[in-house]
Amino acid sequence: SDVLLVNYTMLSEIRGGPLNVVGNLPYHITSQILFGLLDHNNVMDTALFTMTKDVAKRICARPRTKEYGIPSIIFQLYTDVRIMFHLSPKAFFPRPNTISSYVKFNFESARERREALNVDPRDLRNLTKTAFQQRNKRLGSSLKYLLRCHTTLIDRLPEEYEKMSPSDLEPWEFVHLSQLMFGKKPFPKHFRFAFRGEFGRSVKNKDYDYTRVLRDGIEEEEIDFGEEDEDEENEGNKEDEFKYNDGGADDQDDEDM
């Protein structure tokens, strides 16, 4: 069966309780699996996964580091996450050219924090994705087109945020910005469509070399976490191209977080 098509909420109902998930994640779909779990966080207890050290560092990264980005913010807000230990390439066959990490995500211990956020996760997703698409720019510049959208409540950021870059903000500050821009909203009981959609999405590239991915440690999520900088010369066209994403999974795999 395809792990990206698992309905964890239905599985939890069948099993009669919260789920504890353990796995050695395929390198090329690590991000898709992890964000898919977030869409079903209400039925999750804990998750323990093996992934590459680079991805684990990005998930656990602190602000003002090069690893800090969308995964750091989202997973640190919605789960209690920590790296348990690292694994040498010698522990695998075939042997990858990368160090792996064993990471624990505690969904249950973070439940009260999630419910107290008072944001729609779809708003938070759009805010962080827009900000980190131009991570080296100040927020006043990178968010200006989002602020002009009809769904936002303000048309200018507070002065203390305008000159900051997205990597300067703590996870809770993105929650505060989301509240300012989109309003405080009760935490939705079910938000399966916020990150990956109810059933996730399969990898579309049928020619993907999975053997090479495992052997060389090449990961799709290294370019799919939505943190790429955009060319400044294209900024003039952004206003016409910008479309607010009001929820649901993206239509293209290369826009995954």
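Residues are numbered from 1 along each chain as its sequence is written, and side-chain values rest on heavy atoms, with hydrogens and water left out. Because the model is predicted, local features require pLDDT of at least 70 and side-chain atom pairs count only at pLDDT 80 or more, whereas totals for chains, interfaces and linings use all residues.

The protein contains 13 helices and four strands, where helices (H or I, at least four residues) and strands (E, at least two) are DSSP runs numbered from the N terminus. Of its 257 residues, 53% count as buried; buried denotes under 20% relative accessible area, exposed over 50% and partly exposed the range in between (1.4 Å probe, protein chains only). Among contacts (heavy atoms within 4.5 Å) between residues at least 6 apart in sequence, 80% link residues at least 24 apart.

The four strands of an open sheet follow the order 1-2-4-3 with mixed pairing, two strands being paired if DSSP finds at least two bridges between them. Strand 1 (19-24) and strand 3 (80-87) each have a single partner strand and stand at the edges, so one side of each lacks a neighbour in the sheet. From one strand to the next, the twist averages 15°. Strand 1 runs parallel to strand 2 (residues 44-52), and six bridges join the two; Gly23 has Phe49 of strand 2 as its bridge partner. Helix 2 (residues 30-38) lies across strand 2 and strand 4, at about 170° to strand 2. Axes are lines fitted to C-alpha atoms, for helices over the stretch in contact, and angles run from 0 to 180 degrees between N-to-C directions.

Helix 4 (residues 70-78) packs against helix 10 (residues 171-182) at an angle of about 90°, with the axes 9 Å apart. The two helices are therefore roughly perpendicular, a class that spans 65 to 115 degrees. Ile73, Gln76 and Leu77 of helix 4 meet Pro171, Trp172, Phe174 and Val175 of helix 10. These contact residues comprise six nonpolar, one polar and no charged, with Ala, Val, Leu, Ile, Met, Phe, Trp, Tyr, Cys and Pro taken as nonpolar, Asp, Glu, Lys and Arg as charged, and the others, Gly among them, as polar.

Ser101 belongs to strand 4 (residues 100-106) and counts as buried because its relative accessibility is 0%. Residues up to four places away in sequence aside, Ser101 touches several residues, including Phe49, Thr50, Ile83 and Phe85.

Key. Angles under 35 degrees count as roughly parallel, over 145 as roughly antiparallel, 65 to 115 as roughly perpendicular and the rest as oblique.
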